[in-house]
Every structure is written in C-alpha cells, then in structure tokens.
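Dear colleague,

Please find the structure below for your review. My notes on helix packing and on one residue follow it.

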Amino acid sequence: MKIAFAGKGGSGKSTTSALFTRYMNAVQNRNVLAIDADVNMNLSGLLGVEVAMDKLMANPDVADVIRNYIKGTNTRVADISKFLPTTPPGEGSNLVRSVDDAALAPYSVRINDAPSLNLMSVGTYDKGGIGQTCYHSHLFVAENLLSHIALDNDNDWVVCDMVAGTDAFAYSMHLQFDAIVLIAEPTPESAEVCRLYMELARESGIDGLIHLVANKIEDESDIDFIVKATGLTPIAVLPHTSSLKKLRQRGDAITTEFVTGEMAAAMEKIMLAASKPALSAHDRMAMLYALHMKLNEKKWVQQGYGDVMSQIDPDFKITKVA
C-alpha cells in the first residue's frame with residue numbers, strides 16, 4: 001500500500017505521518033518506506049534521524065541514479081533527461097517491488113531492521129537554486145519513483161509526508177497513492193485548505209481516495225467545527241497531546257510510546273481505510289496516462305522534451321510477482 005498525509009502547513013500532517021509510520025512498523029509489524037516530500041524536511045527529525053545531503057532524492061546525482069534504475073531497458077524513454085513527472089512505467093522498466101529494494105538502499109536511512117523501516121527525503125532548496133528553481137521540479141524524481149513502486153508483499157507499506165497545501169495537484173503527486181489522509185485542525189485556515197483540496201480531488205477524480213482526519217482535538221466542539229467547515233466527517237480523531245508538543249520542543253523523536261491507547265485506535269482506523277482503495281492501481285495508471293497526454297501539449301514540454309506521447313505503453317500492465 002502507498003499512503004500519503006496532506007494538509008495545511010502546521011496542521012500536523014508531518015507529525016501524523018511519523019505517528020502512522022511508527023504504528024505500522026512497531027505495532028502492526030509492517031515493513032515501511034517513509035518518504036519525506038515536504039520542502040521543510042520535518043519527517044527525519046520526527047523519526048529521530050538525519051538524512052545526509054548526498055542522499056537527498058533531489059540531488060542531481062541521486063536523481064540520475066534513481067531514474068537510470070527505474071528506466072531499465074524501457075526504450076519508450078529515450079534517456080533519463082526525458083523523464084517528466086508523469087512519465088509512466090512501461091515494458092522494460094525496473095519496478096520497485098519491495099520497500100527494501102537494494103537500489104534504494106544507498107539513498108535511504110535505515111531506522112529499524114526487523115520489521116524494516118527506511119526513510120528517503122526529497123530535499124529542500126539549495127543555495128545555488130535560490131530565486132531560480134521551483135520546489136515542484138524537486139518533486140519530479142519522487143513522482144517518477146512513486147509511479148514505479150509496485151509492491152509485491154502486502155506487508156510492505158510506503159508512507160509519504162506530502163508537500164503542504166494543494167501543491168500535490170501541480171503534476172502527478174495526487175495520483176501516486178492508494179489513500180491520501182487529509183489532516184484538519186479546528187481552525188478556519190486549515191478547513192479552507194481541506195475544502196480546496198477536496199474540490200481539486202473531485203475535479204481530478206480521486207475524491208474517493210481522500211480520508212479526513214481531525215487533529216489537535218480538545219472537545220466535541222472542535223469536531224463539530226471541522227465537520228461544519230469542511231463538509232466532511234473524519235474517519236479518525238487525534239487528540240491534542242501536550243506531551244507530544246513538549247517532546248518536539250525538546251527536539252526528541254516520536255517513539256512507539258505515543259502510538260498506544262486512543263492514538264493507536266485512530267491509527268488503526270486510518271490503516272483500515274487505506275486498505276480499501278476506492279481506485280485500483282490500474283485506474284490510477286489510466287489517469288496518469290491522461291495527465292501525461294495533457295502535459296505533452298504544453299509548450300515548455302514540446303520545447304524541452306519533444307513529443308513524449310510515445311512514452312505511454314498501452315499494453316503494459318503492473319502485476320504482482322509471487
């Protein structure tokens with residue numbers, strides 16, 4: 001399964017990503033690949049590790065290695081410079097079949113061995129790119145990797161801390177997951193982001209993949225506010241936890257002690273909702289193809305990449321390998 005956590009910056013999506021990662025790994029005994037796709041790179045600290053600059057996915061050398069690997073012998077992609085964020089896998093592509101794929105190991109931080117827990121980070125702006133780059137371009141390699149992840153083992157999970165706000169709809173990030181957990185805190189600003197997110201999700205046809213989770217809840221009035229302001233009913237409620245706030249103020253990492261009791265029950269609800277995706281991988285691949293065709297019409301694509309329609313392999317199907 002591939003699950004992402006989204007929401008307004010400051011709503012608690014990174015913290016919830018870390019809590020869910022710990023829950024799946026330590027409580028449910030699942031192998032987890034955590035991916036930090038947020039420009040603020042908070043997930044590593046929340047999980048108690050550091051990611052070296054030379055391991056970041058947006059590092060050009062790392063991006064080249066990842067793209068070379070997933071390209072494999074796919075002749076529909078002329079070379080790795082022709083990867084767009086919507087470039088789909090095809091015949092000859094190397095698919096990531098396990099969260100412990102050896103090709104990703106050099107760019108992952110190992111947090112736990114059995115069950116395995118690895119972290120990859122996209123990265124943030126570098127000094128040389130200030131005023132010249134857009135974070136969406138940093139996400140391209142993450143989108144390429146995610147579209148080529150096809151896990152064979154149901155015990156393997158990918159957990160992604162998504163870019164904040166509605167930026168996931170810029171290209172293909174919103175199509176990469178079996179479930180997207182939308183975090184809402186009881187504030188007008190957070191609710192507005194959730195409303196806009198759902199509006200874009202409906203327009204793009206993925207609204208069935210969205211699950212609202214109420215966060216930082218102190219009483220019933222907070223839940224009532226979120227329901228009224230967003231028009232959505234939360235699948236789970238996360239309480240305001242002062243001990244968690246104090247832990248982060250000290251710079252300490254989130255550990256398994258925080259995924260017990262009420263918090264564990266909420267994480268289980270998220271897991272169960274994500275385990276029943278409203279869209280199949282085949283459906284999402286068809287939507288990726290449509291988005292790729294739409295992107296192919298853009299002038300900057302034609303000028304920089306040429307016609308990329310041939311990257312779509314209509315006969316390609318992702319199947320599990322026993």
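Helices α1 and α8 are roughly perpendicular to each other (the class for 65 to 115 degrees). Helix α1 (residues 13–27) packs on helix α8 (residues 261–274) at an angle of about 85 degrees, and their axes are 10 Å apart. Axes are lines fitted to C-alpha atoms over the stretch in contact, and angles run from 0 to 180 degrees between N-to-C directions. Thr16, Leu19, Phe20, Tyr23 and Met24 of α1 make the contact (heavy atoms within 4.5 Å) with Met263, Ala264, Met267, Glu268, Ile270 and Met271 of α8. These residues divide into 9 nonpolar, 1 polar and 1 charged.

The model is predicted: local features need pLDDT of at least 70, side-chain atom pairs count only at pLDDT 80 or more, and totals for chains, interfaces and linings use all residues. Residues are numbered from 1 along each chain as its sequence is written, and side-chain values use heavy atoms, with hydrogens and water left out.

Helix α5 (residues 188–204) and helix α6 (residues 220–230) pack at about 40 degrees, with their axes 9 Å apart. That angle makes α5 oblique to α6. Pro188, Ala191, Cys194 and Arg195 in α5 meet Phe225, Ala229 and Thr230 in α6. The residues of this contact divide into 5 nonpolar, 1 polar and 1 charged.

Ser44 lies in helix α2 (residues 43–47). Leaving aside neighbours within four places in sequence, Ser44 is in contact with Asp36, Val49, Val51 and Leu119.

Kind regards

Technical notes:
Helices (H or I, at least four residues) and strands (E, at least two) are DSSP runs, numbered from the N terminus. Angles under 35 degrees count as roughly parallel, over 145 as roughly antiparallel, 65 to 115 as roughly perpendicular and the rest as oblique. Ala, Val, Leu, Ile, Met, Phe, Trp, Tyr, Cys and Pro count as nonpolar, Asp, Glu, Lys and Arg as charged, and the others, Gly among them, as polar.
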